[in-house]
Amino acid sequence: MKKNCIKMLSTILSALVFASTGLMTLGPTAAAGGKNRPVKILAIGNSYSNNATEYVSRIAASMGLNITAASLYQPGCPLKRHVAYYEAYRDLGKDAYYSSANENKYESLYINGVRQSGKASIQEAIAHTDWDYITIQQMPDYCDDITSYYTEQNPYITKLYDYVLDELKKNGNKKCEILIHQGWSFSHAMSIDHAYKYYPVDYENTKDFFAKIESTVNEAAGILKTHAGLKKAPEIVPSGKAVQLAKDEFGFGDTFGAPDSMYADFISHLSHNGQYLAACVWIETFAKKAGLATTDVRKATFIPVGTDVTADRAAALRSCAHEAVTGEADTVYGKWRAVPFGDGVMVTNYTGKVPKGGKLLVPARLSGKKVYGVSENAFKYVEGITSVTIEEDKTPSSKPSSSELTSSTESEKEPSSSVASDSEPESSDQTVGTDSENSETDGNGGSGGFPWPFVILGAAILLAVAGAVVFLILKSKK
């Protein structure tokens, strides 16, 4: 009996060790039986689609996902020209379409940020592979003008939609879904007082500008719903919403030139920060639509090397993208919005009341995280704040680590001057995190890393079974 029990114990232990190893190898995603199929997306767009798709494949790969993002590109291409380019290829034929005499053609097709060739058309791009999703979009200058999308005389968006459907049918692709890619507002300087000479707009701020873009795109989606007899309007990829959220509440710059800026120029093209953000929006949107095993972009670990996208900024941008797509906020603490900053947080937005006299006292800690500063953008739409002071932190703690910013230490010593200027955090933010954190990474770090819960569960099961078998052995001796 004793030998049989020992043999049983050995067999059970071996089986459980094998099972635990399998769980550790598969990780939490595979153990849960989630899908992880390749997803292919084609954007029929312009510079905005190039901006949004630049980092998609690399960020997705760091989440264990295989997402291909392509952009059919022509600078500043509006819906009107997309329609004209399709009709030129259809009516002229391939050779005449690519001739120097024809100006109505795309510059190139980009796949995962890499230019494929100097020849491209909607017909050829759609035939390139069995796309899962195709996005269409308006050019930046006309994003807020519904007449540039559709009028009875010029139904550009419905024509383009029909042309795309026709090509999908020709290629036997019945699964592909068409979405609308949402544009974003210009930088603040270009959004007011008709400052942009090519398409002058005059909004009080970029918040109002984006509100008009959002309502216009929603209206265009409604037009497509009616036109195509759809049960619901085509889904919108909320890149513009994320960019506005980053500028209004996450502390990112609404101008050009600063390391934390959303823009790569004085108009509206996205900086590396903005491109990273838009790519995260695409990943979260399409991973969810495809029902992939991992859909939360906050688990990504890729950070583009040699850019202003530091580890802290990347974390904030991922949270911003997740919130723009899902509505779930993980950086809000009551009336305060605070994003990662060294081993604590930086307050980037305030939604509370203006205190009497305008003197605002910021908590020393938010949910246990030390507040190291307050962004100058925190009171972007709040009037009446005359001074900001961070409370004295009475929580026992060790000296600030090397990952904390210089301005953090200064604000701790002088709470009355704790509002962080653009130069303070930016000059030292480059030191945040380790070298590996600030380089291109695609490992399984962060919340998508080693499956410790399964290891702990396996160990607990092993101990329970071992105890039961020992009990049986001791009982058999009696």
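Predicted model: local features only at pLDDT ≥ 70, side-chain atom pairs only at ≥ 80, totals over all residues.
1. Buried residues account for 49% of the chain's 478 residues.

2. The mean pLDDT for the chain is 81, and 74% of the residues reach at least 70. Two stretches call for a flag. Residues 5–34 have a pLDDT below 50, and beyond near neighbours in sequence that stretch makes 29 contacts in the model. Residues 398–456 also stay under 50, with 107 contacts beyond four places in sequence. I'd read the contacts of both stretches with those scores in mind.

3. On the overall layout: the chain has 15 helices and 17 strands. If you take the contacts between residues at least 6 apart in sequence, 72% of them join residues at least 24 apart.

4. Now the inside. In soluble globular proteins, nonpolar side chains tend to be buried together. In this chain the largest nonpolar core has 97 residues, and Leu42 and Ile59 touch the most other members. Helix 11 (residues 272–290) gives this core its largest share, 11 residues. Another core lies apart from it, made of 15 residues, including Trp336, Val371, Ala378 and Val388.

5. Leaving out residues up to four places away in sequence, Leu42 touches Ala70, Leu72, Leu109, Ala125, Ile126, Trp131, Tyr133, Ile134 and Thr135.

6. On to charges. Side chains of opposite charge can pair when their charged atoms come close. The structure holds 21 salt bridges. One of them joins the side chains of Asp254 and Lys380, at 3.2 Å from N to O. That pair links distant parts of the chain, 126 residues apart: Asp254 sits in strand 8 (residues 253–256), while Lys380 sits in the loop between strand 15 (369–375) and strand 16 (387–390). Asp254 counts as buried because its relative accessibility is 11%, under the 20% cut-off. Lys380, at 29%, counts as partly exposed.

7. Helix 11 turns up again here. The side chains of Lys288 and Glu284 form a salt bridge at 2.4 Å, N to O. Both residues lie in helix 11, 4 residues apart, or about one turn of the helix. Lys288 has 37%, so Lys288 is partly exposed.

8. Arg298 is partly exposed, with a relative accessible area of 28%. Asp330 counts as partly exposed too, at 33%.

9. Last one: some salt bridges share partners. Which residues do they join into one network? Arg37, Lys40, Asp130, Asp132 and Lys175.

Key:
Residues numbered from 1 in each chain as written. Heavy atoms only, no water. Core = buried A, V, L, I, M, F, W, Y, C linked by side-chain atoms within 4.5 Å. Buried < 20%, exposed > 50% of the residue type's maximum accessible area, 1.4 Å probe, protein only. Helix = DSSP H or I, 4+ residues; strand = E, 2+ residues; numbered from the N terminus. Contact = heavy atoms within 4.5 Å. Salt bridge = Lys/Arg side-chain N within 4 Å of Asp/Glu carboxyl O. pLDDT = per-residue confidence, 0-100.
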